[in-house]
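The sequence and structure come first, and the notes follow by topic.

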Amino acid sequence: MKLRYRCWVAFWLVLGCQHVGAQDLNPFIERDWIVAKSPVTFFIQYPDQIEQLYAKNGYQRLWVDLNSGLALEHQLELIKSAGISPLFDRQLRYLTLYRERKSWYEYDLLATDTLLMFLSYAERAPHEGMTWFFKLKLNHRLPVPSKQALFNLEMAFELHTLIDLINDYAPRDKSYFQLVNAYDFLGRIADSSLPIYRQQGVVSPGNKLADRKALIARLALVNIDTSQIVQEGDRYDDSLLKPVADFQRMHGLHADGVIGPTTVRWLNMSVAERRHLLAVNAERMRLWPVQEKASIVVNVPEYEMTYWFEGAKVFQSRVIVGRRTRPTPLITTRLDSLIFNPIWHVPHKIMVEDILPLAIEKPDYLKEHNIEVVKEWRDSETVDPATIDWPNVDPSHFPYKMRQTAGDHNSLGIYKFNTPNRNAIYLHDTPHKELFGSAARAYSSGCVRVQDASGFAKLLMTKPGLALEPTVEEEASSNFAVALKQHIPVRMIYQTAWYAQGEVHYRADIYRYDRISSVKGKVH
């Protein structure tokens with residue numbers, strides 16, 4: 001079937017290159033002829049489906065409306081700018097070539113095949129995108145799209161609604177289109193036309209400015225309102241203060257208006273790099289489900305947690321997330337219960353890498369931090385640290401477990417928000433409230449610390465509420481758990497650019513996920 005298909009397609013394309021003007025392709029199909037293969041046939045991923053589609057359409061061209069082709073190319077350009085797939089990059093490169101050459105038959109065939117690939121990509125992204133967007137580039141042939149997608153495609157060809165079909169397979173979140181709009185806006189600006197903003201040291205209001213015009217141009221690049229800024233002058237005056245503070249807030253910095261090195265770096269980010277951030281984060285939105293009536297979302301680079309209940313935002317708090325060497329995993333789980341005065345069962349990795357080296361160095365470390373040594377976490381009987389030969393302890397082969405007793409000193413604080421998952425990641429309180437004052441808050445070993453844990457706990461006790469009220473005995477024991485009336489979905493997501501309150505916000509790539517790992521081999 002594939003050999004026969006390539007034969008008639010090659011013959012059709014040869015005639016097409018001779019500028020055959022007829023729309024009906026049927027006379028050019030000679031399935032028994034073996035002719036030289038056109039290069040485009042090597043880029044076809046779905047020959048059987050292509051043959052069926054053209055047969056159902058009387059072997060006529062399917063992309064007679066160039067706007068439909070440009071809509072597909074735009075989607076491919078987003079994927080290319082995001083750095084996700086060399087395979088899609090190749091298809092876009094040849095589509096552009098055929099369009100510029102006006103080789104419409106080659107363009108038609110490749111566009112149809114690439115649209116099939118795009119539909120398969122859109123269908124599989126929610127399940128496989130964690131790999132494509134955060135680990136390895138998509139560089140393999142995708143399966144044939146679902147029967148529903150193929151039916152939708154046939155209807156789109158029949159009704160001439162290809163643009164609608166392509167838009168239907170974009171992420172459903174409304175903010176996706178805002179990111180794409182910002183991407184398109186920046187596409188009309190050349191890096192060479194933008195001056196670099198330079199300054200010496202830190203610049204505060206009242207200080208001298210080296211290049212006012214460059215600063216204003218850079219602020220305008222991210223849609224900051226610069227209409228009220230005084231255009232001339234060599235001082236940082238009051239008209240610049242709010243625009244600079246707004247720029248800092250949009251980038252997760254302290255919005256104090258003081259222009260330091262980090263603000264300068266964000267100001268001078270190239271157009272190409274901003275477009276990459278917008279594109280990769282737009283594509284990542286294929287991963288995150290459309291907002292449910294009740295859900296908790298932690299956007300790791302934002303250092304923020306938001307709780308929606310019955311479709312309304314009812315709680316928001318700053319959070320502390322995992323540091324770069326121990327990142328918070330991007331998982332979906334459910335919050336099922338609230339634990340008061342939790343006991344911390346020290347994870348093995350933290351015990352081996354963090355606590356044991358300190359316990360070996362300082363014999364009183366465990367006592368000072370209320371950490372018990374046990375054979376099993378649920379044991380009521382503890383191991384006396386004095387009986388352990390600390391100088392000869394090998395942390396990687398330590399035969400015991402550790403737990404920290406409940407109380408104000410406990411690393412989990414007063415509340416643990418239980419989210420069962422194989423990564424042992426959950427939300428919790430912390431005794432170190434001072435850390436929430438930092439703009440960048442990647443300090444934990446993977447779990448998420450909630451700033452207003454007390455307020456969150458009180459809210460959960462009414463929205464959704466407790467399945468059963470704690471007994472007198474449980475409350476007397478201080479350390480107890482209560483189940484919630486309903487399990488709340490919890491999602492750890494990673495968006496370094498997103499749209500909210502009429503603005504595109506940017507954040508630092510704390511885990512360097514925006515630089516997707518390269519893959520071995522090339523697509524030719």
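How many of the residues of strand 1 (residues 295–299) are buried? Five of its five residues are buried, and strand 1 is mostly covered; buried means under 20% relative accessible area, exposed over 50%, and partly exposed in between, with a 1.4 Å probe and protein chains only. The model is predicted: local features need pLDDT of at least 70 and side-chain atom pairs count only at pLDDT 80 or more, while totals for chains, interfaces and linings use all residues. Residues are numbered from 1 along each chain as its sequence is written, and side-chain values use heavy atoms, with hydrogens and water left out.

- Helices (H or I, at least four residues) and strands (E, at least two) are DSSP runs, numbered from the N terminus.
- In a regular strand the side chains alternate between the two faces of the sheet.
- Ser-295, Val-297 and Asn-299 point one way from strand 1, and Ile-296 and Val-298 point the other way.
- Strand 1 runs antiparallel to strand 2 (residues 304–309), with five bridges joining them; two strands pair if DSSP finds at least two bridges between them.
- Val-297 has Thr-306 in strand 2 as its bridge partner.
- Four residues separate the two strands of this hairpin, and Tyr-303 in the turn has a positive phi of about 55°.
- With strand 12 (residues 480–493), strand 1 pairs in the parallel sense over four bridges, and Asn-299 stands opposite Ile-493.

**Annotated span**

- An unreviewed UniProt entry carries the annotation "domain: L,D-TPase catalytic" for residues 294–471; UniProt positions are given in the numbering used here, feature names are shortened, and annotations may be inferred rather than shown by experiment.
- That span, residues 294–471, is 17% helix and 30% strand, and its end C-alpha atoms lie 27 Å apart.

**Aromatic pairs**

- There are 24 aromatic pairs in the structure; rings of Phe, Tyr and Trp (its six-membered ring) pair if their centres lie within 6.5 Å, and planes under 30 degrees apart count as stacked, over 60 as edge-to-face and the rest as tilted.
- The ring centres of Trp-104 and Tyr-107 are 5.9 Å apart and the planes stand at 80°, so this pair is edge-to-face.
- Both residues lie in helix 5 (residues 104–134), three residues apart, about one turn of the helix.
- Trp-104 is partly exposed at a relative accessible area of 26%, whereas Tyr-107 is buried at 2%.
- Phe-134 and Tyr-513 are also edge-to-face, because their ring centres are 5.3 Å apart and their planes are at 75°.
- This pair links distant parts of the chain, 379 residues apart: Phe-134 is in helix 5 and Tyr-513 is in the segment after strand 14 (503–506).
- Both Phe-134 and Tyr-513 are buried.
- One aromatic cluster includes Tyr-307, Phe-309, Phe-417 and Phe-456.

**Charges over rings**

- Lys-416 lies over the face of Tyr-426, 4.2 Å from the ring centre; a charge sits over a ring if NZ of Lys or CZ of Arg is within 6 Å of the ring centre and within 35 degrees of the ring normal.
- Arg-61 lies over the face of Tyr-105, at 5.8 Å from the ring centre.

**Core**

- The largest nonpolar core has 149 residues; such a core is a set of buried Ala, Val, Leu, Ile, Met, Phe, Trp, Tyr and Cys residues joined through side-chain atoms within 4.5 Å.
- Helix 5 supplies the largest share of this core, 15 residues.
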